[in-house]
Amino acid sequence: MSEIYTCSVDNRQFNSKESLIEHLLKNYSITDTKNGGTSEILKTLQEAFPFAMIEVSELDDKQYGEYNVNMYWKEYESDFTFSIGETTNTYSDTTNFETVEQSITYHKRFLENKDEIIKLLEEKYSPEKIIITQMFDGGLYDSDIISFQMIKDQQDYYGRYEFDGVEKFADSFKGYFASVIEGDVVKESDHYNGYDKEVTVDGVPISRLLDRAKRIRIEILEEK
């Protein structure tokens with residue numbers, strides 16, 4: 001005897017689970033989504049980021065996704081706004097993820113990179129304190145950013161990480177302390193605002209040395 005499925009809304013019976021789901025979708029505006037509903041998304045995100053304040057709401061305009069998420073990380077004074085679900089519009093300023101799991105992987109990289117950088121800065125410079133002053137989701141058009149403040153010998157040193165290599169970023173702080181650097185000259189591009197940002201030598205912004213210098217010697221070791 002085949003299994004019978006009963007709809008608890010109107011007590012209609014169906015001989016397959018698929019027929020029951022189709023009936024519910026057609027007659028009761030139930031959303032069929034691989035992400036679950038707002039409560040399921042909220043639960044999943046809260047488990048991944050227990051320290052966060054999270055709000056999930058259903059979007060009226062489905063071309064930008066199914067759900068809108070606002071996530072606030074108080075410790076870092078950082079707000080993240082993104083959508084979850086399939087989208088037909090690729091020109092939204094808000095980052096979109098097809099699944100909740102994709103959004104978790106994406107945002108965890110902020111924490112993972114932050115931890116790696118703090119470890120490197122502590123090993124290389126032995127600061128008294130390191131503070132995260134900002135985490136920023138650049139969306140489709142800007143760079144993702146983690147801003148750092150490092151305190152050493154009661155002086156403040158700042159750096160903005162744009163997810164272009166934790167080792168490279170940690171080494172850039174040499175410009176605050178070194179008197180001699182040697183290496184390849186590179187004109188870095190500022191992906192955040194589209195302007196040329198900095199000339200670096202061996203990954204160290206030379207502006208940091210120039211800001212400290214009263215007199216300086218420049219020597220070309222090898223011409224192009």
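Predicted model: local features only at pLDDT ≥ 70, side-chain atom pairs only at ≥ 80, totals over all residues.

Entry 1: In what order do the four strands of the open sheet stand? I read the order as β3-β4-β5-β6, with mixed pairing. I then looked at the edges. β3 and β6 (95–97) stand there, and each has a single partner strand, so one side of each has no neighbour in the sheet. On average, neighbouring strands of this sheet are turned by 25° against each other, direction ignored.

I reminded myself how strands join. Strands of a sheet pair through backbone hydrogen bonds, either parallel or antiparallel.

Entry 2: How many bridges join β4 to β5? I found seven. β4 covers residues 67–73 and β5 covers residues 78–84. The two run antiparallel. At W73, I looked across to β5 and found S78 opposite.

**Entry 3: the helices.** I looked up helix α2, residues 38–48. Helix α2 lies across β3, β4 and β5, and runs at about 155° to β3. Next I took helix α3, residues 100–125. Helix α3 lies across β4, β5 and β6, at about 160° to β5.

**Entry 4: M53.** I found M53 in strand β3, which spans residues 53–58. Is M53 buried or exposed? Its relative accessible area is 54%. Exposed means over 50%, so M53 counts as exposed. I listed its contacts, leaving out residues up to four places away in sequence: N70, M71 and Y72. M53 and N70 are 17 residues apart along the chain, and their C-alpha atoms are separated by 8.1 Å.

**Entry 5: D144.** I found D144 in the loop between β7 (129–136) and β8 (145–152). Why does D144 count as buried? Buried means under 20% relative accessible area, and D144 counts as buried because its value is 10%.

What does the side chain of D144 reach? It makes a polar contact with the side chain of Y106, at 2.7 Å. The D144 side chain also reaches the backbone nitrogen of G138 at 2.8 Å. Leaving out residues up to four places away in sequence, I noted what D144 touches; among them are R109, F110, Y161 and F163.

Conventions: Residues numbered from 1 in each chain as written. Heavy atoms only, no water. Buried < 20%, exposed > 50% of the residue type's maximum accessible area, 1.4 Å probe, protein only. Contact = heavy atoms within 4.5 Å. Polar contact = N/O pair within 3.5 Å; in protein donor to acceptor, adjacent residues only side chain to side chain. Pairing = 2+ DSSP bridges. Axes fitted to C-alpha atoms, helices over the stretch in contact; angles between N-to-C directions.
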